[in-house]
Amino acid sequence: MLADRDPQTTRVMHAIAEAAAKRGSLLLLTGPCGSGTTSLLQAVRDLATSQGAAVLGAVAATAERDFPFGVLRQLYEPLIAGLADDDRAAVVAGVADFVRPVFAADGCNADAESLAPVPHAVLHGTRHLLSVVGRHRPVVLLVDDLQWADVESLRCLGYLAHRLAGLRVVIVASLRPGLPESASDLVRAVVDGAAEVLHTGPLSDGGVRAMIRVVFGEDGTERFAVAGAAASRRTPLVLRMLLSDLAQSGLRPDDDAAEHLLSARPRALRSWYASLLRALPSGALAYTAALSFLGDAADAPLIGEIAGLDHVECVLVTRTLQVLGLIVAEPTPRLTHPALHDAVRETVGVAEAERLHIEVAQTLHRLGHPAEQVAAHLLAVPSPQGAWAMDALRDAVRAATRRGATADAARYLRRALLDTPVHAEQRGGLLMELAVVVSATDPEVASRHLLQALPLLPDEPGRAEALVEVPVVCWRAAPEEITDAARSLLTDTSGVDVEHRMRLEARLVLLAEDRRAVVDAARRLGEEDHARLRATPGGRELMAVLLRAAALSAGMSCADVVAAASDLLEAVSPEDPGIADTVAALVETFVLADRPDAVDSVLDMAAHEVHRRADPSAIATLESAAALMLLAQGLVGTSLELLSEEHSCGPVDVGPLLVAGILTLPDLEQTRRLLPGPVWSEHPVMTAFRQALRAVGESDDSLATRVQRLLDCGRCLDRVGWTNPAVFPWRSHAAELLHLLGDQTAALELLHTELAAAVRWGGRQAIGRAQRSVGLVEPGAAGVHATREALDTLSRSENRWELARTEAQLSFLLRDCAPSESARLAARARATAETCGVRLQGLQDAPVPLERPQDGLTPAELRVATLAATGLTNQTIAEQLDVSSRAVEKHLTSVYRKLGVSGRAVLRDALGTWAEPHR
């Protein structure tokens with residue numbers, strides 16, 4: 001595979017033509033490693049043979065340098081064996097008797113020692129042989145890697161190089177510059193006889209494209225060609241190996257493959273580089289290894305220190321490696337290809353690699369280089385390295401945490417644990433740090449580290465501090481073991497200070513999963529001195545979770561909770577160690593009270609602080625709180641965008657209240673994705689909401705089964721004390737399904753219970769949602785009146801999405817009796833929903849029947865809806881369509897949802913006016 005070598009090939013062929021006129025010459029090919037001298041020699045062989053020249057070839061190798069006349073015999077063996085009788089007689093007649101065995105048919109097996117006393121006769125014999133063979137045609141000698149030829153062969157070639165006049169002989173030899181062997185006296189004697197030195201340089205753009213075409217059988221894109229030139233530094237052999245590796249992987253030379261080309265490290269290329277490195281002098285190999293292990297930290301003084309070379313030696317080695325094409329020297333030395341790093345590791349061996357990692361790490365640490373550069377080398381060293389390594393790894397942990405690289409910080413801590421005795425107190429601190437670092441991405445692993453750390457800590461105050469330092473997610477992942485440890489520290493004799501006690505109590509209240517604990521927390525809030533709690537960080541954290549418990553259980557009125565929470569907001573400080581948990585609890589409290597805007601500024605302050613601290617778990621906690629606050633304001637689109645974004649700290653911690661809010665949205669697919677969250681998945685409330693999701697979403701269950709699922713959801717919420725209807729309106733959802741089943745009495749009983757509970761709590765959103773459901777279930781004017789009450793209530797709520805839903809419902813109820821008002825409400829509902837990031841479907845500006853109402857339904861749904869509108873029962877419809885009653889029920893449920901109707905009593909009218917999905 002030859003590209004961009006036409007000038008060199010032309011010059012060699014010209015020399016062969018001149019040799020036919022007995023003007024022999026020596027041409028030297030030289031260039032960096034991989035620049036194509038070997039391929040060029042092969043091309044010369046093919047061209048010369050095609051023109052009738054006798055071509056003799058030899059490849060010198062370091063492994064064969066101790067074999068006398070090794071290269072010369074490679075050249076002459078096939079020539080001597082193929083001589084005709086008259087040519088052999090002419091050869092023998094022209095040399096002395098004691099030289100003849102060298103040129104006999106079996107002369108290649110002659111003992112080299114017999115030739116040593118008469119080197120000049122042998123030299124003369126080599127020229128005489130060529131003169132005889134060249135009587136009929138030109139002779140071309142091709143020698144690859146001249147610098148590694150044996151001494152005897154070099155003497156013969158040097159003799160010939162200066163005595164080619166009058167011979168039909170051309171010698172073409174390749175030489176790698178920069179190697180010590182290339183500068184030896186014997187090689188120089190050959191080079192001095194060269195008529196011309198031909199350089200093989202980097203490929204041109206056209207040469208790169210030509211090689212791409214040869215390898216792939218098609219032209220590459222411009223981006224791919226640019227990537228190929230950059231990745232190979234236009235070195236032919238490197239480019240060929242990179243391209244061949246991609247072609248074997250089935251890739252095409254397009255833009256997508258360009259990135260693969262830039263990162264490819266083929267095994268064949270690594271092996272080739274390794275062979276080059278093994279041929280380097282020890283100083284050059286040490287320099288290359290130092291450069292590779294230092295990486296981005298490499299500079300000339302450091303490389304010399306690691307390689308054990310002085311300044312002069314470094315300059316000479318740098319020049320050699322640059323000529324060979326293995327390094328780029330400016331602005332700082334670096335290897336030319338990533339595969340060279342792999343080759344260095346392969347060449348130096350495991351023990352030497354470990355020694356280099358240690359030496360580089362110590363040097364960088366001593367000189368004050370970034371801690372993560374030091375840690376990167378320590379990660380590759382399995383043996384303990386002492387206190388300096390521990391200091392460097394702890395510094396690296398802090399640096400990685402500041403930039404949000406929790407995975408790197410965890411690796412550094414795990415490496416530090418290798419240097420720490422199993423029962424050491426210091427090990428407990430490292431395990432605590434590790435628990436904090438991994439808590440955002442793997443809470444279960446973090447909780448295990450926490451439990452391992454606690455027995456290693458020296459005393460109760462130290463364990464208490466550890467428990468409150470780790471994020472709450474660690475507690476949730478292993479609630480029994482960790483909460484038991486916390487309770488044991490709250491005894492009077494433990495010696496834990498008041499601040500840590502209050503923070504431990506706050507965690508226990510936050511994790512409470514039974515009704516008694518939640519109710520007791522709300523009762524305790526009424527007994528506590530609020531001013532005392534607001535005075536300290538631990539007290540503020542405890543008060544925040546007590547207020548949350550009071551809101552969840554409706555143990556206090558909404559007004560009282562808001563008043564106490566507002567006072568606490570003014571006392572919250574960004575310096576509070578538990579700022580994220582405190583603010584997140586306050587967000588949930590104000591959301592339940594329908595006052596999410598009240599906590600907006602404090603949430604921003606807390607978010608800024610936890611980002612400054614680079615605390616990934618706290619960031620995730622506040623991201624969840626922000627999404628909940630946006631959802632409670634009705635900003636559905638913005639909230640869901642926040643939940644779907646990729647965050648450096650990992651996935652957002654989606655808690656139960658956030659799931660409850662999403663369950664009220666028109667598209668429940670988001671809830672299905674978020675429901676099995678990593679932290680809350682085993683919480684009893686999540687079990688309740690899984691039941692609710694199957695009830696309010698698309699389901700194969702019957703309406704009666706779905707009602708039971710919602711009742712189970714309510715019982716579960718009651719068992720954990722989350723009795724506030726603002727948490728999730730399960731009664732309203734169940735009542736609407738009961739209404740579809742025709743059980744009006746049971747539906748209204750549930751709704752009146754929910755409305756009464758909402759009124760006792762006092763939150764406008766909870767009251768308005770219950771009133772709207774009453775309006776959907778109550779027939780005629782009573783339903784319109786209840787919906788108007790809901791509209792009035794929700795117009796004073798923060799949640800604009802609930803307002804849009806209520807406007808849409810009232811528009812639907814007024815479509816016949818007040819068409820003008822219905823149209824105005826429909827327009828308002830659409831506009832309100834758009835501000836929420838939701839598009840309402842099924843609303844019209846005026847109550848004019850649509851031409852094709854069936855466009856909103858599937859064919860099966862349309863058939864079932866048409867039959868139901870005529871008054872047929874589900875069983876009769878099932879018999880007529882030869883389907884199950886459950887299938888009929890499922891289709892009707894879907895029809896009711898899409899058309900926005902409450903039952904078959906209004907289905908006939910709806911089929912004439914509503915055709916698009918409406919929720």
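**Entry 1: a helix pair.** I looked up helix α33 (residues 600–613) and helix α34 (residues 616–632), which pack at an angle of about 160 degrees with their axes 9 Å apart. Axes here are lines fitted to C-alpha atoms, for helices over the stretch in contact, and angles run from 0 to 180 degrees between N-to-C directions. That angle makes α33 roughly antiparallel to α34 (the term applies over 145 degrees). I noted a left-handed crossing of α33 past α34, meaning that the near helix is turned anticlockwise from the far one by less than a right angle.

**Source note.** The model is predicted, with local features needing pLDDT of at least 70 and side-chain atom pairs counting only at pLDDT 80 or more, while totals for chains, interfaces and linings use all residues. Residues are numbered from 1 along each chain as its sequence is written, and side-chain values use heavy atoms, with hydrogens and water left out.

**Entry 2: the helix contact.** I listed D600, L603, A606, A607, V610 and H611 in α33, which meet A618, I619, L622, A625, A626 and M629 in α34 (contact means heavy atoms within 4.5 Å). By class, I found 10 nonpolar, one polar and one charged residues in the contact of α33 with α34.

**Entry 3: strand β1.** I checked β1 (residues 25–30) and found six of its six residues buried (under 20% relative accessible area, 1.4 Å probe, protein chains only). S25, L27 and L29 point one way from β1, and L26, L28 and T30 the other way.

**Entry 4: partners of β1.** I found β1 parallel to β4 (residues 169–175), joined by six bridges, with V170 in β4 as the bridge partner of S25. I also found four bridges pairing β1 with β5 (residues 196–199) in the parallel sense; there, L27 has E196 as its bridge partner.

Technical notes. Helix = DSSP H or I, 4+ residues; strand = E, 2+ residues; numbered from the N terminus. Parallel < 35°, antiparallel > 145°, perpendicular 65-115°, else oblique. Nonpolar A, V, L, I, M, F, W, Y, C, P; charged D, E, K, R; others polar. Buried < 20%, exposed > 50% of the residue type's maximum accessible area, 1.4 Å probe, protein only. Pairing = 2+ DSSP bridges.
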